[in-house]
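Here are my notes from a pass through the model you sent over. Have it open on your screen while you read.

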Amino acid sequence: MIKKIGYLVFALFFSVFRLFRVDGNKVFLVATHDDGPEGNIGIVADAIRKMDGGKRLIWFTREDKVTDPVRFFIIKAYHLATAGYVFLDNEFLPMAYIRFSERTKVVQLWHGTGTIKKFGQDVNTGSLRRLEYRANQRITHLIVNSEAVKKEYASAFGISKERIYVLGLPRTDLLLNPSFLEEKREVFLRGYESLRGKKCILYAPTFRDDEVDHPRIHLDLSQMSEALDKDEVLMIRLHPFVADRVGMVLDEGKWDNIINVSAYPGVTTLLAVADVLITDYSSIVFEYCLRGKPMIFYAYDLERFESEGRSFYRNYETFVSGPVARTEDELIECLKRNDMTGTGRFVEENFTYLDGKSTSRLLELIF
């Protein structure tokens, strides 16, 4: 209820500022999921700065909280109401109560490059679902990687397919740029010299709604440490909601071949470093598949996730691009095999463009 009041107050100020003229050179960036240079918003912002158009960028991040009422309710509301362009990487629920000028383009880039599990309107309920639906009606352009996901995204956002554009997402440009990947890999290794020359295995599990209050790592770290070869290291990247609560276990330094990279600022950099990805239902697979390297799907709770969790848009075991391990012993066995099953097929089915020019197509369409 308190949040809803905050959204209404924001909308009230927004409605006042809508009386002002829309500034066609003002770009409002909602980066509440990833405000770093490797996120969709950060990449777009950098590209806009390089345009010869005199665009002015106004950021809204997780730091812009209601704890600073003047900044949130007045300054940000003013800039949003007068912006000619709005880019988002997440939901912004105050939009449920506002109306943009017809001149304003609202571009949802989202923070996932595809989806395995259901999200948005397909899983949320009650007031959250209603607010999301109303906020999503403000979207003028929803950007995706391929025709294959149009139906799923139309359902998840509750908008028509006519507003969905297959351009490719900015983040994929980085993963299709060999020189960028090599540069990022080198930057990372300077900070982790002990990993140079090692085979880096990245474990990046998805966020589970039912583990917010009691998160845990579903691995026997001692067993994993013993199973790794002497030239292998396991890097663990936990979801931000989970990392703060279980990070202490990882940071105790019990294992010299297991490191916690949950706080590392660039996910794309970690993908550039990783020689193998272990995940489960995370959309990170839609990025890492572009590297053409092995992926293992550690789905220890597959039945429960499907029946009690978010479930999936398609049959999980036939859709994913790699072997599915149900137990930790199976996971270790898959690591030894270095299986590349299905990666090429997965890329072909889920990407229309592999030219590294998605950002350019986006700017050409919007501007």
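Predicted model: local features only at pLDDT ≥ 70, side-chain atom pairs only at ≥ 80, totals over all residues.

1. Start with helix H2 (residues 40-49), which packs on helix H16 (residues 358-366) at an angle of about 65°. The two axes are 11 Å apart, and the crossing of H2 past H16 is right-handed. On the H2 side the contact is made by Ile43, Val44, Ala47 and Ile48, and on the H16 side by Thr359, Leu362 and Leu363. Sorted by type, the residues of this contact come out as six nonpolar, one polar and no charged.

2. How much of H2 is covered? Most of the helix: eight of its ten residues are buried. Those are Asn40, Ile41, Gly42, Ile43, Val44, Ala45, Ala47 and Ile48. H16 is one part of the cover. The cover of the buried residues also includes strand S1 (23-31), strand S2 (56-61), strand S3 (83-88) and helix H6 (170-175).

3. On to the aromatics, where the structure holds 31 pairs. One of them is Tyr203 with Tyr298, a tilted pair with 6.3 Å centre to centre and 55° between the planes. Tyr203 sits in strand S7 (residues 199-203) and Tyr298 in strand S11 (residues 295-298), so this pair ties together parts that are 95 residues apart in sequence. Buried or exposed, these two? Tyr203 counts as buried because its relative accessibility is 2%, and Tyr298, at 4%, counts as buried too. Tyr298 also pairs with Tyr300, again tilted, with 5.1 Å between centres and 55° between planes.

4. Two other aromatic items deserve a look on screen. Phe10, Phe28, Phe60, Phe72, Phe73 and Phe92 form one aromatic cluster. Then there is Arg361, which lies over the face of Tyr353 at 3.6 Å from the ring centre.

5. Next, Val166, which has its place in strand S6 (residues 164-166). At 14% relative accessibility Val166 counts as buried, since the cut-off is under 20%. Which residues does Val166 touch, leaving aside its neighbours within four places in sequence? They are Val144, Asn145, Ser146, Glu147, Lys150, Thr352 and Tyr353. Val166 and Ser358 are 192 residues apart in sequence, with 9.4 Å between their C-alpha atoms.

6. Ala148 is in the loop between strand S5 (141-144) and helix H5 (150-157). With 36% relative accessibility, Ala148 counts as partly exposed. If you want a distance to check, Ala148 and Asp355 are 18 Å apart, C-alpha to C-alpha, and 207 residues apart in sequence.

7. Last, the backbone. Most residues other than glycine have a negative phi. Trp110 has a positive phi, near 60°. That residue, Trp110, is in the loop between strand S4 (105-108) and helix H4 (126-136), and counts as buried at 11% relative accessibility. Ser311 has a positive phi as well, near 70°. Its loop runs between helix H12 (302-308) and helix H13 (316-319), and Ser311 is buried, with a relative accessible area of 14%.

Definitions and conventions:
Residues numbered from 1 in each chain as written. Heavy atoms only, no water. Axes fitted to C-alpha atoms, helices over the stretch in contact; angles between N-to-C directions. Helix = DSSP H or I, 4+ residues; strand = E, 2+ residues; numbered from the N terminus. Left-handed = near helix turned anticlockwise from the far one by under 90°. Contact = heavy atoms within 4.5 Å. Nonpolar A, V, L, I, M, F, W, Y, C, P; charged D, E, K, R; others polar. Phe/Tyr/Trp six-rings, centres within 6.5 Å; stacked < 30°, edge-to-face > 60°. Buried < 20%, exposed > 50% of the residue type's maximum accessible area, 1.4 Å probe, protein only. Lys NZ or Arg CZ within 6 Å of the ring centre and 35° of its normal.
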